[in-house]
Amino acid sequence: MVTRASTEVAIIGSGPAGLMLGALLAQRGIAAVILEQRARSYVEGRIRAGVLEQGTVALLDQVGVAGRLHREGLVHGGTEIAVDGARRRIDFRALTGKSVVVYGQTEVTKDLIDARLAAGLPIVWEADAVSLHDIDSVRPWVSYKRDGDEHRLDCAYVAGCDGFHGVSRKAIPARILKTYERVYPFGWLGILAEVPPCSHELIYASHANGFALASMRSPTRSRYYIQCSLDTDIADWPDERLWGELRLRLGPDVAPAVTAGPSIEKSVAPLRSFVAAPMQHGRLLLAGDAAHIVPPTGAKGLNLAASDVAYLATALAGALRDGDPTAIDAYGPKALARVWKAERFSWWMTGLLHKLHPPESFESRMQAAELDYLFSSQAAQTALAENYVGLPL
Ligand code: APR
Ligand code: PHB
C-alpha cells in the first residue's frame, strides 16, 4: 500500500540549502516537507567550513535562527595571507565596511533543524529511494520508502537541495543539462583539534611545499588544512607530522603560536569547481551543491546555498502566493549570475595560493607576481575583500 500526502513544496535534502529554504517558505506561509535520506544524527555530525557572509547571517536573522550564532559566532574583520612566511592582513572592514562570522556549518544545520522541529514542521529522516516524477507537468510528485513502506508526496514544486550526489539534478534530461567542471590535481588534508587557534583571524598560506590554512570553530577548537596529493593515505600523516608541516607552511612568525593536540577528525577532501545549468526544469528547481560546487578556498559553499534559496523563496512566493508563474523563470538566471561570480572567486583564490606549477615556469612567475600585486595594491586587496565578505544578494 502507498501512503499518500501532499504539500506545496517538496524539498529534497536537509543540508543548509533545504533547511534554509524550509525556514524561508514557512515565514511566507508556504507549506513544505523536507525528505532527507540520512538520519538526523548523521546530518548533524557532518563537519564543514563555517565562514558566513553578512548576507547569510541576515537571512538566518530573518528566519529567527541566529540567536546562538550571535552569541557564539566569531566576528572577523579581516584575514591574513602568508607567502613563504611573509604576512599581509586584508582588512575587510576598512576596505568594504563589512565583516564575516566564523560559525561552523554543523552548528547552522543544528540550529535550523531545532527551529524547524520546534515549530512542528516536517522533516522525514531516512527517506529511501527518493524519486521525482512528472516534473514537466503542473502536478509533480515524489516517491520514497520509509521503513520499507511506500510513500507518495504530491506537490506544486520540487526543490532539489540534495547536494552534489543527490537524485534531483539527474532528473533533468541530459540533452538539456549542461555542466561545467574543473577537478583540481590535489586535495586538502584537514585536522580538527580541541586546541586554541594560532591567531584570532584565519591565515591562508602559500608555501613552496603547498597551501595551508589556519581556521577555527571556536576559541578552543581549531581547524587546519594542508594541500596534499589526491592519493594521500591518512595513515602516513600521524598528528605530529601534520602539526610539523602546518608550522612549516604557516611560517616562523606563526609557528610558535600553533598549539598541537590530538585530532578529533582528520580527512582528505578533493577540490572541485562545478556548475550545472539550467537550475530549473519544469517544476524542479535546484539549489546549493545540487547545482554547483566550489573549491573550499574562500568558503563560499554554504553562502551560495543561502543566496540560491533566498532567490528561490522569493520566486516560489511569487508563483504560489502572488499568482505569477513567471516568477519561477527568473530564479535560475538570477542565481546563476551570482554563482558564476563566486565560482570565479573560489577558482582564483585556489589558483593564487596552491602549489600548481613547476618552479621557474612562466605560470609560477605569474602566481608570484599576482601575490606581489595583492600585497602592494589596495585595489587588489579590495577586490579580494569584497568577494570574500560576499557580493550583494
Ligand atoms: N534523497 C534525499 N536526501 C538526499 C539524497 C536523496 N537521494 N541525496 C542526498 N541527500 C541529502 C544529503 O544527505 C544531505 O543532507 O541532501 C543533503 C544535501 O546537503 P549538502 O550536501 O550539505 O548540500 P547543500 O544543502 O546544498 O549545502 C551546501 O554544504 O556541502 C556543503 O560545502 C557545501 O557549504 C556547502 C553547503
Ligand atoms: C574551515 O574553517 O573549515 C574553512 C575556513 C575557510 C575556508 C575553508 C574552510 O576557506
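Which helix gives the most to the lining of the largest cavity? In this predicted model, that element is helix α9 (residues 326-353), with 4 residues; helices (H or I, at least four residues) and strands (E, at least two) are DSSP runs numbered from the N terminus. Residues are numbered from 1 along each chain as its sequence is written, and chains are lettered from A and ligands numbered from 1 in the order in which they are written. Local features need pLDDT of at least 70, side-chain atom pairs count only at pLDDT 80 or more, and totals for chains, interfaces and linings use all residues, while side-chain values use heavy atoms, with hydrogens and water left out.

The protein has an average pLDDT (the predictor's confidence in each residue, from 0 to 100) of 97, and 100% of the residues score at least 70. Confidence is lowest in helix α2 (residues 40-45), with a mean of 95, and highest in strand β2 (residues 9-12), at 99.

The shell around ligand 1 comprises 24 residues (those with a heavy atom within 4 Å), and E36, R46, R48, D289 and L302 are the closest. Polar contacts (pairs of N or O atoms within 3.5 Å; within protein, one must be able to donate a hydrogen and the other to accept it, and residues adjacent in sequence count only if both atoms are side-chain atoms) include one in which a polar side-chain atom of R48 lies 2.8 Å from an oxygen atom of ligand 1. A backbone N or O atom of A17 lies 2.9 Å from an oxygen atom of this ligand. Of the 700 Å² of accessible area that ligand 1 has on its own, the protein covers 89% (Shrake-Rupley method with a 1.4 Å probe; for residues, only the protein chains shown count as cover). Two or more residues of this shell are given by each of α1 (16-27) and α8 (301-320), and α8 supplies the largest share, 3 residues.

Around ligand 2 there are 14 residues, of which Y204, S215, R217, Y225 and P296 come nearest. A polar side-chain atom of R217 is placed 2.8 Å from an oxygen atom of ligand 2, and a backbone N or O atom of G298 lies 3.0 Å from an oxygen atom of the ligand. The protein covers 100% of the 280 Å² of accessible area that ligand 2 has on its own. Strands β16 (212-218) and β17 (221-228) each supply at least two residues of the shell, with β16 giving the most, 3 residues.

Grid points are joined across faces, edges and corners, and a volume is the space filled by probe spheres set on the points. The whole structure contains 3 cavities of 30 Å³ or more. The largest has a volume of about 70 Å³, and its lining includes E53, K300 and R338. The second largest cavity holds about 50 Å³; R46 and R48 are among its lining residues, and helix α6 (residues 105-118) contributes the largest share, 3 residues. The second largest pocket holds about 390 Å³ of space.

Terms used
1 Å grid on protein atoms, 1.4 Å probe; cavity = no way out; pocket = protein on both sides within 12 Å on 5 of 7 lines; lining within 4 Å.
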